[in-house]
Each structure stands twice: as C-alpha cells, then as structure tokens.
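Let's take a friendly walk through a protein structure, one piece at a time.

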Amino acid sequence: MLIALDMDGTLLNEDGEISRENKEAILQAQRLGHTVIIATGRSYMDAERQLRLADLECPVVSLNGAVVTLPDGTLAASTPLNKEDIIPALRWMNEIPELYYEVYTEDNVYVELDKRVRLEKLSALKEDEVPEEVGWLLKAMIDQQFQQAAVTYVESMEDIWSKEENLIYKTLAFSLNRELLKEASTRFAAIPGLIITASHVNNIEINHKDANKGNGVKLMAEHYGIPAAQIAVMGDSYNDLPMFEIAGYRIAMENAAPILKETADFITLSNSEHGVAAGLRHLLDKQ
C-alpha cells in the first residue's frame, strides 16, 4: 500500500513538528512493507528538513505536486510555471499592501522584505482588531510562514524573476481581504495552464495545471508499482482534494475542511492529537 500524508494541519502538530507518536506509526507502517510518502505544499527542502529532524526517510511530493523527489534525492518529476505568463499578476500583487505573497522555487521560498514587515504588523494585531472567524487562520498562516526553513527575503522580487535559472513552481497569496483575494484569483484564472487551489479560505495557491497532489501521488504509485486501489491518503485542506480523488482510501483529519470530511472513508483525530498515528493504526488494522 502507498500512504500519502499531507504535512501542515496533518502530520505536523501545532508547533510545526512531527510528534513521536506519528513518527513511530510511520516507522511501523514502513516495517510492514508499506510505502509512506509526503504530499505537501511546502518546498522539498522544507519537507525534507522536517523528516530529517524526526529521523524519517520518505519520498516527497512537494509544492502541491510540482516537484516529485525520491528518498535518495533523485528528481522524478518537475512541473514549473511559465514565468512570463504570471509575472504581470505578481507585479500587480506587489502593489497591493493588503496582499501578502510568496514565490517558490525548487529549493527556496522568496518573500519581499516589505511584505514580511506587513505580515509582522498583522501578527501584532490585538484579538479585537481581527475578525473572529479568521483570527485562528491568521495565527496559523503567520506561524507556518515563520516556521519555514528555506525563506529568503529580498528587496525586490524583480531580482528573482529576472534570473533565467530561477524556475518558479508555485506562488501563494494570503489576505484578510477576501475581495482582494478573489480579484487575485480572477487574474490568475485568466492565464492559461494554471490551477488555483487553497489550503485555507484566506489564501490561494497557484501551480501549473498538471501540478497537483493527485498527479504527484499517482506518479509515485506508478513508480513503486502500486495500483490506485492500494493508495491511501490523509489530509486536511482544499489542496488535498486532488489526491482524495485518485485514492482508494481517504482519511480526513478532525480539523479538516468540511468537504474533505464529506468525501472521507474515515475521520481520524486532529493534528494536535497525533491524528496521523491514529489514522495509520486504523489503516493497518484493516489489512
């Protein structure tokens, strides 16, 4: 069986770490001959760092499926965006103070320094200054951004776009202003060959149309000769839906978005309660 695990909100707890319970459950699944992979929106370097800290080795589908990497570091698939197509939309976001965004290359995350400063100001807002329904999301987004291992702050994104060797695999935009976010989504949707997903209601993630977790997980299963019926997936967010669609068995976290719970075969505990360990025990007991 191939078991694909999302990271944020799934494998990682609220401190951005892989708990001992989750680690032991993964090792047990591997000892029994199952292939456990990571399917994440994070960069490969960031995902691999989390695994290394927990003394785990797993293949990684990163950047929402744009990069597929085997355990020995071999690149199995790479699906970057066309920079020339997306730069006008990125430049537009650059001029909007309320839109925070990141640009992902294969091994780094780039953020304009001014955007970082604005995010820090958001993090300093008092509870009564933030809409109640997005307060938890704001904290989660800021915590995740500050936890990322490979973030480089630059004075100008133009320096990144202009370098031919810099391939862009994903961009993420975040805002408390959903109308602005909707406009950003509309601008990117008008560009051919893109897919727009979200990991939360206040962000959007832009990848190549062929780069999604479903395609990445399917490619990994084909590499290991595992049929679709033997693919199990575990996740919590909207960008996990593509891998839910191709899996033979779907597990949603207790903290998952409602649509994932509706399509899940099983709902495990939350990520703060070692839900991956509980989900893996459930899977192994079914064998």
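This report begins with the whole chain and then visits some of its parts.

## Before we start

This is a predicted model, in which local features need pLDDT of at least 70, side-chain atom pairs count only at pLDDT 80 or more, and totals for chains, interfaces and linings use all residues. Residues are numbered from 1 along each chain as its sequence is written, and side-chain values use heavy atoms, with hydrogens and water left out.

## The whole chain

The chain has 12 helices and 14 strands. Here helices (H or I, at least four residues) and strands (E, at least two) are DSSP runs, numbered from the N terminus.

Of its 287 residues, 54% count as buried. Buried means under 20% relative accessible area, exposed means over 50%, and partly exposed lies in between, using a 1.4 Å probe and protein chains only. Among the contacts in the chain with a separation of 6 or more, 62% are accounted for by residues 24 or more positions apart. A contact here means heavy atoms within 4.5 Å.

## Helix 3 and its buried face

Which residues of helix 3 are buried? In this helix, which covers residues 44–53, they are D46, A47, Q50 and L51. Viewed down the axis of helix 3, these buried residues fall within an arc of 135°, so they line one face of the helix. The arc is that of the directions from the helix axis to the C-beta atoms.

What covers the buried residues of helix 3? The cover includes helix 1 (7–11), strand 2 (35–39) and strand 3 (60–62). Just after helix 3, D55 takes a positive phi of about 55°.

T35 is found in strand 2, and T35 counts as buried because its relative accessibility is 16%. Leaving aside neighbours within four places in sequence, T35 is in contact with M1, L2, I3, Y224 and I226.

S62 belongs to strand 3 and is buried, with a relative accessible area of 0%. Neighbours within four places in sequence aside, S62 is in contact with T40, R42, S43, Y44 and V67. In the loop between strand 3 and strand 4 (67–69) you will find L63, and N64 has its place in the loop between strand 3 and strand 4 too. Phi of L63 is near 50°, a positive value in a residue other than glycine. For N64, phi is near 60°, again a positive value in a residue other than glycine.

## Two pairs of helices

Helix 2 (residues 20–31) and helix 12 (residues 275–286) pack at an angle of about 25°, with their axes 7 Å apart. Axes are lines fitted to C-alpha atoms, for helices over the stretch in contact, and angles run from 0 to 180 degrees between N-to-C directions. Helix 2 and helix 12 are therefore roughly parallel to each other. Angles under 35 degrees count as roughly parallel, over 145 as roughly antiparallel, 65 to 115 as roughly perpendicular and the rest as oblique. E21, N22, A25, I26, Q28 and A29 in helix 2 meet G275, V276, A277, L280 and L284 in helix 12. By class, this contact has 7 nonpolar, 3 polar and 1 charged residues. Ala, Val, Leu, Ile, Met, Phe, Trp, Tyr, Cys and Pro count as nonpolar, Asp, Glu, Lys and Arg as charged, and the others, Gly among them, as polar.

Helix 4 (residues 83–94) and helix 8 (residues 178–189) pack at an angle of about 165°, with their axes 10 Å apart. That makes helix 4 roughly antiparallel to helix 8. I86, A89, L90, W92 and M93 in helix 4 meet L180, E183, A184, R187 and F188 in helix 8. The contact of helix 4 with helix 8 has 8 nonpolar, no polar and 2 charged residues.

## A last stop in helix 11

I259 is found in helix 11 (residues 258–263) and counts as partly exposed, at 35% relative accessibility. Leaving aside neighbours within four places in sequence, I259 is in contact with Y238 and L241.
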